[in-house]
Every structure is written in structure tokens, then in C-alpha cells.
Amino acid sequence: MENIVFAYPKLLWLLLILPPLGYWLFARDKKTRPYLHYSDSSYRNVLKKTWRQRLYPTLHVLRLLAVALLVVALARPQSTSKQSSKNIEGVDIVMAMDISGSMLAEDFSPNRLEASKQLAREFVRGRESDRIAVVAFSGEAFTQCPLTIDHGILENRIRQLKSGVITDGTALGDGLAVSINRIRQSDAKSKVIILLTDGVNNAGSIDPLTASDIAKTYGIRVYTIGVGTRGLAPYPYKTPFGIQYQNVQVEIDENLLKQIADETGGTYFRATNKNRLKAIFEEIDKLEKTKIEVLSYEQRAEEFKPFLWAALVLLLLELLLRLSVFKTLP
Amino acid sequence: METSELLKKVRKIEIKTKALSRQIFSGQYHSAFKGRGMAFSEVREYQYGDDVRFIDWKVTARFNHPYVKVFEEERELTVMLLVDVSASGEFGSGTDKKGGSKRESISEIAAILAFSAAQNNDKVGAIFFSSEVEKYIPPQKGRTHLLHIIRELVNFEPKHPGTDIGQALKFLRNVQKRKSSAFVLSDFMDSRYEDALKIAGKAHEIVALQVYDPLERELPDWGLVRMHDNETGEEFMIDTASKANREAFAKFRAEEHKNFDTLMNKYGIVHTSISTQEDYVKPLITMFSKL
């Protein structure tokens, strides 16, 4: 009932008859009502004006209100509730995250994996209407989280990513293939894989280029992100004396990643630090704009009933009062 | 009113009033209205026991035999009916078989008085008045004249709604130089007639008959009542559902009535109040017995 609109608002002009009607009611009451033809009026000043006399005109007011309500009811008041249904053409995204041991390198703070996880979560948070899956790979690949719209779970699953749960290595092909497998049956218009890695393909049974071919066949765009600074990166080693750091040359097969991206219509990005990575995610976010069609329709419910009831009650009340408290003679 | 209907009514009034007038005036009438002194009738021979004062000396001298003048007490008198035909008379609560309007009651009482007077062979005249004198019927004798008056009583349509008793009394004094019995039949809803009453009361024997309706003395609980003043045409609403109002009204009316009584007593005018709802015979008899 928050929004009242009238189906026939022109009928509200009928409210203009209220003043003349009121005038007529009062005049008629004075003029045409029967009067007791009495002998004199000398007693007039002796009698006091009582509340009944004073309130007598409220009968007309009640009548007028009833008429007003009838007019309002006639104009068909309708309550509208806007129902908008967003017709979202979501994008299906698979985030393929490298969780190999090299991701623990601390050229990003606190390390590559944690930085990636954090930024991936932010990315996920920003894409409310997309289905997103998470695939983790190192020496092998597995699905951390299938395509889902439930971003809460998604973020949780991303947080749970850990290095070292599976065989170490970098199976780019496997990771890509698992991702493709996750997304290929999706009927979303736009299918995207974000492949995040920091190494060279050195494990797995599927060639990354083969995988990219498959991706191309399915019409999946693959954005590839190479993570790692140029040059050396501090890499922690566990020794009996605690964690020690060793600088390791960063090796990213940039050519391969570029090729995969180009072939599938995606883009290759190189993230040399955390801010850059963040910028990359933002860029991908922009590139993969979700098409949102908002269909809003109004639902109207007829609301004349309460008006009619009120009018009826007022009329009855007037009648009742006229016959009881404000009974007049003759 | 059609003539046949009128005649029927006149007949009815005649029958009703013949009996009534006998009842009312039996025995009292003669003494009630004294004749206008002695009028010379004839001369006759003096007889033993006659008052020597009445000997007509001129005739005695002519006939050389004592003659006395014989006087007759003049029984014949004039009855004037001052009939109020103002609009206030149209009111009548008529809750009863008897209850007509005040005007009807007045007409009936006037008719009775006219018949009674005619029976006594008196001259009857009438003045119809409202705020002005509407019609004057000079006093005359005879049945035709009587019927004329009754026809007017029943049929008269006043031109003015108001009441001015003073005007009527003044008019009476102007047209009726000889002493008469004047019956003022009105509801006396007028307050400015005291002076005229005083003056007319000296010249005539005035009898005031006030006709009222019970609803003029007290108001019942009728809720809101739209009132129309017949005389002034004022229209307003009063609340009779309020007990205070009803009491105030009754008190006001009682006071008015008391003032009427006081005024009439002050000038020694015989008066009575007759309700439209009750039989007017009794109050009339009571009043005439007081004369």
C-alpha cells in the first residue's frame, strides 16, 4: 500500500463537486427541510445552544466525506509494488590458481599465494552476479570449488587454498584442462578462465597448448597472469634451523602464457607486484562486464475496497446519528 | 372551504353552542351584563304605590290626572368579538380528537358567544385583527348577520401574520362609542397592548379569553426541532433533548402566563386561559360565574 496510483485519475476531478455539494447540503437543510410551524419565537433567547446543535453540521461533513471516499474509490486506487527482475547474463569464471611451492616466494607480501588469494577474493566479491569456480593446480590439478553463485562459500574455499597439498610442480595444461572441464558445459554466454601462475609448465599430462585449443573450441577466453617480479625473488626454505631465504631466479613462461591468451581471445598480464596484480584483476573485471537487463514491472492491486467500506461506514454512521443523537423534528 | 361544508360546520356549531350557551349563560347572563341604564318606554296612569319621583308632570298637567313614566331596563347590549386571526393561531398540536389549531378553538368559542348573544337578542359585531385590523363587522341583530359572522370566523384569510392586540382595542374604542361587552379572543402572544387595554377597559367591558396549546406551555423531548415562527417567519433550531432547555422553556412560559394574569388583574379584566386540548365549556362557565 505504499504507492497509491489511480487508474482513472481524471475522475478525481469529481472531487470538485464537493464544495457545491456541501453548500447544497447546508442550504437544503436550511431551506427545504420541514419546520415546525410554531406560534412564536420569544423563548428563543431563553434556550441555550447545546452541543447537539453545534455538532449537527458534522452530519453533512460525514456525508461529504463519504462522497469524497466514493469518488476516490471510483478513481480506482491501486497499490503498486515494483517488481524488478534482473535478467542477468552472468559470466562464468574459473579461477585457476597456481599453488605450487614457488608461490610461497615472498616478492609479494606476504607471499605470492596469499596475495593472489586475497586479490582473488576481492575480485570474487566484486562480481556478484557471476558464477565462479576455483581450480587449484600444481603438479596436478583439482577443483577447489565448482561453479557457484554462492560467493560466501567461494571466498571460503579460496581462503582454504594452501600450497603443498598436492604434488609440487606446475601442470599448466592440467590446470587449464580441469578448468575447461568445469566450464565447458556452462551455457553462459561468456566463459572465462583466469589462469594465475608463476612458473613454467613442468608437470602434467596435457600440453598447455592443447588445452588452449580445447578452450578455444568451447569459446572460452583465457586470461593469463604471470606472477613474480623480474629477476630474483626470495624463496623460503625449511631447514632444521628455521626458515631461511634463498634468492631464486623467477622463471615465467611468458611466451606460452601470451600464446594461450592470444589464441583464446584473452589477454596476458604480468604482475610484478601486488598493486600490479590488483590492477590486473580490476582490468579483467572491467573487460568482462556482466550484461544486466533489468526488467521491472509493476504489480497493481485494486485498493478501492477500504475506501468503499469507509464510505459505507460513514454513511451508516451518519444515518445512525441522524436517527439517534441528532434526531430532528419534524 | 366549500359552502356545503361550511353550512355543515355552522349547523354543528349552532347545535353545539345552543345547548352550551344556555348552559353557560343560564341565570348569570342577565346579571352578568347590565343594560345601559333606564330607557323611557311609556307613560301610564299613576297607581297606588308608584314612586312619586317618576310622575310625569307635563302629562299629568295636560290630562289633569297623575301619570308616571315607565322606564325599561335596557336589556339590549352590544357584544363585540375581537378575534385574533394572526398566524400564531395556526399552531395546534392536535394529538387528540379535540385538538384543532388555536384558530379553530378561537372560532368555535367566538361562535358560541355569538350564538349566545343572538339568543339574548343582543347585537353582535366582530373585529378580526392580526397586526392590523383585518376586518370589521359592525354589530347588528339577526340570524343572517350571525351566520355572516360565523362564515367569516371559519373562512377568514388574514393578510398579515403578526399580532397587535393594542391596535384592535384602539379600533374598538373608535368604532364603538357606546359601552359594549368586548370579548378578546387571542393567544395574547403580544406584549405591547397594556396602554390600549387600560383605555379600552374604561370604555368597554372587556373579557380576555386566552387560547393556548399545551405545547406552548411545555416542550416534550423531541430531540432537535426546527422551528418556524409563524408570525415573523424566523427559522431556527432548538434542542429539546436538553432537560435544561425544556425547563427553561417551561419556566419562561409560566412567567409569561403569570404576567398575563397580573396584567389582567391590574385592570380588573375578567380573563381565563383555555387549552386547545381541553373542553372550553368548563372554563367559560367558571369565568362567567365570576362575572
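Which residue stands opposite B:Phe183 in β7(B)? B:Val207 stands opposite B:Phe183 there.

## The model

This is a predicted model: local features need pLDDT of at least 70, side-chain atom pairs count only at pLDDT 80 or more, and totals for chains, interfaces and linings use all residues. Residues are numbered from 1 along each chain as its sequence is written, while chains are lettered from A and ligands numbered from 1 in the order in which they are written.

## Chain A overall

Chain A has 10 helices and 13 strands. Helices (H or I, at least four residues) and strands (E, at least two) are DSSP runs, numbered from the N terminus. Chain A holds 330 residues, and 35% of them count as buried. A residue is buried if 20 or more other C-beta atoms lie within 10 Å of its own, exposed if 12 or fewer, and partly exposed in between; C-beta atoms are placed from the backbone.

Among contacts in chain A with a separation of 6 or more, 82% join residues 24 or more positions apart. Two residues are in contact if their C-beta atoms, placed from the backbone, lie within 7 Å.

## The sheet of chain A

An open sheet in chain A has 6 strands, in the order β6-β5-β4-β7-β8-β11, with mixed pairing. Two strands pair if DSSP finds at least two bridges between them. Axes are lines fitted to C-alpha atoms, for helices over the stretch in contact, and angles run from 0 to 180 degrees between N-to-C directions.

Strand β8 (residues 220-227) of chain A pairs with β11(A) in the parallel sense, over 4 bridges. A:Thr224 has A:Tyr268 as its bridge partner in β11(A).

## A helix pair in chain A

Helix α1 (residues 18-31) and helix α3 (residues 58-74) of chain A have axes that come within 10 Å and cross at roughly 150°. α1(A) and α3(A) are therefore roughly antiparallel. Angles over 145 degrees count as roughly antiparallel, under 35 as roughly parallel, 65 to 115 as roughly perpendicular and the rest as oblique.

The contact includes A:Leu21 and A:Phe26 of α1(A), and A:Leu64 and A:Val67 of α3(A). By class, this contact has 7 nonpolar, 2 polar and 2 charged residues. Ala, Val, Leu, Ile, Met, Phe, Trp, Tyr, Cys and Pro count as nonpolar, Asp, Glu, Lys and Arg as charged, and the others, Gly among them, as polar.

## The sheet of chain B

Chain B has an open sheet of 6 strands, ordered β5-β4-β3-β6-β7-β10, with mixed pairing. β5 (133-140) and β10 (270-275) of chain B stand at the edges with a single partner strand each, so one side of each has no neighbour in the sheet. The twist averages 15° from one strand to the next.

Strand β6 (residues 181-186) of chain B runs parallel to β7(B), joined by 6 bridges. B:Ser186 has B:Gln210 as its bridge partner in β7(B). Strand β7 (residues 205-212) of chain B has 7 of its 8 residues buried, so the rest of the structure largely encloses it. Helix α5 (residues 143-155) of chain B lies across β3 (78-84), β4 (123-129) and β5 of chain B, at about 20° to β4(B).

## Where the chains meet

The contact takes 21 residues from chain A and 30 residues from chain B. On the chain A side, β2(A) gives the most, with 3 residues. That side divides into 9 nonpolar, 6 polar and 6 charged residues.

β2(A) also pairs with strand β8 (residues 224-229) of chain B, in the parallel sense over 3 bridges. A:His37 has B:His228 as its bridge partner in β8(B).
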